[in-house]
Amino acid sequence: MPYTLSAAKLQTYYRCPQAYYFRYERRVQGAAFFSSAALGTSLHQALAQIYQEWHYQDPIPRYEWIEHCWGQQATNLTPNQISEGRNILRRYYESFISGKSAMRQPVAVEGKIQGSLCVENLEFVLSGRYDRLDYLDDGLELIDYKSTKDPEPILEDEIDLQIGLYFLALEQHYQQALKRLTLLYLRTGEQISFDVTPDHRRQVESVISELAVQLRHDRQWLPFPGEQCDRCAYARYCPAIQAEPEPLPEDAKPESGLQLMLSI
Ligand code: SF4
């Protein structure tokens, strides 16, 4: 059976193999994550509708189109969240639509991509989701909307892995190269873009090779203590920072040997 890899999995492994082991090999639940997820989901859905259902006969939609889409997607939200979402989309419209000569039709919105890679005789499925995929003159641009109030700081190494993984998967699916990843911060109207280079591909292939060796041979999952330990949901189980780490919960997945099938 192939081993599925997402950008989040790869980033967790890169951050700390021990945390990866807890989360993905033993399936230990992390700390509960409380957030205004419902508002973020509605915003993502409204933006998908704005781009997907616009007729593109006029160069740009009027603001009423944004309001119409928000009205359809702002369900199951509190009045405060509806008003907050409306303000966020108004800012988005002013920052990214109204000042442009035309709103370009994307390749796809809210899509899934899959690719594959064989390393150390292990078959990896590279899987990911994206918010929007646009055509550039010479390739593709992936758009990632950020809707949280306190977005995590950008860690360049982790972004590089995300770019590399999407590069590999998109190349196989669209036969076109990913040229840029852009993060759009919905609450501030800020935009940060990263150009793709050949190093992104090399880096992701190297980290996947290292992970393949872990899965295939080492299975040591060494802890990598650092600043990330302050935010680690598994700190209480971790021998690197606890003199007497707690045992894993009883419902953790049993330790298993390699259950991956060799590709022949
Ligand atoms: S506490 Fe630190 S070293 Fe331990 S698993 Fe978490 S990130 Fe890794």
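The following legends describe close-up views of a predicted model. Local features rest on pLDDT of at least 70 and side-chain atom pairs on pLDDT 80 or more, whereas totals for chains, interfaces and linings use all residues. Residues are numbered from 1 along each chain as its sequence is written, and side-chain values use heavy atoms, with hydrogens and water left out.

**View 1. Domain 1 and domain 2.** The protein is divided into domain 1 (3-27 + 107-213) and domain 2 (37-96), with bounds that come from an automatic or database domain assignment. Taken over C-alpha atoms, the centres of domain 1 and domain 2 are separated by 26 Å. Contact (heavy atoms within 4.5 Å) joins 14 residues of domain 1 to 14 residues of domain 2.

**View 2. The second largest pocket.** A pocket is defined on a 1 Å grid over the protein atoms alone, as an open set of points where a 1.4 Å probe fits, with protein on both sides within 12 Å along at least five of seven lines; lining residues have an atom within 4 Å of a point. The second largest pocket has a volume of about 380 Å³, the volume being the space filled by probe spheres set on the points, which are joined across faces, edges and corners. Of its 20 lining residues, Phe96, Lys100, Arg132, Asp134 and Glu141 are the closest to the centre. Helix H5 (79-96) and strands E3 (122-136), E4 (139-146) and E5 (178-185) each give two or more residues to the lining; helices (H or I, at least four residues) and strands (E, at least two) are DSSP runs numbered from the N terminus. E3 gives the most, with 4 residues. The lining comprises 11 nonpolar, 3 polar and 6 charged residues, where Ala, Val, Leu, Ile, Met, Phe, Trp, Tyr, Cys and Pro count as nonpolar, Asp, Glu, Lys and Arg as charged, and the others, Gly among them, as polar. Because domain 1 and domain 2 both give residues to the lining, this pocket lies between them.

**View 3. The nonpolar cores.** A nonpolar core is a set of buried Ala, Val, Leu, Ile, Met, Phe, Trp, Tyr and Cys residues joined through side-chain atoms within 4.5 Å; buried means under 20% relative accessible area, exposed over 50%, and partly exposed in between (1.4 Å probe, protein chains only). Among the 49 residues of the largest core, Leu5, Phe124, Leu178, Ile208 and Leu211 touch the most other members. Helix H6 (residues 156-174) gives the most to this core, with 9 residues. A second, separate core of 28 residues includes Ile50, Tyr51, Ala74 and Ile143.

**View 4. The surroundings of Val28.** Val28 is placed in the loop between helix H2 (17-25) and helix H3 (37-52). This residue counts as buried because its relative accessibility is 5%. Beyond its neighbours within four places in sequence, Val28 is in contact with Phe22, Arg23, Tyr234, Tyr237, Leu248, Pro249 and Ala252.

**View 5. His200 in helix H7.** His200 lies in helix H7 (residues 198-218) and, at 8% relative accessibility, counts as buried. Apart from neighbours within four places in sequence, His200 is in contact with Asp160, Ile163, Gly164 and Asp195.

View 6. Glu120, although not a glycine, has a positive phi of about 50°. Glu120 is found in the loop between strand E2 (108-119) and E3 and is partly exposed, with a relative accessible area of 37%. Trp221, also a residue other than glycine, has a positive phi near 50°. Trp221 is placed in the segment after H7 and is buried, with a relative accessible area of 2%.
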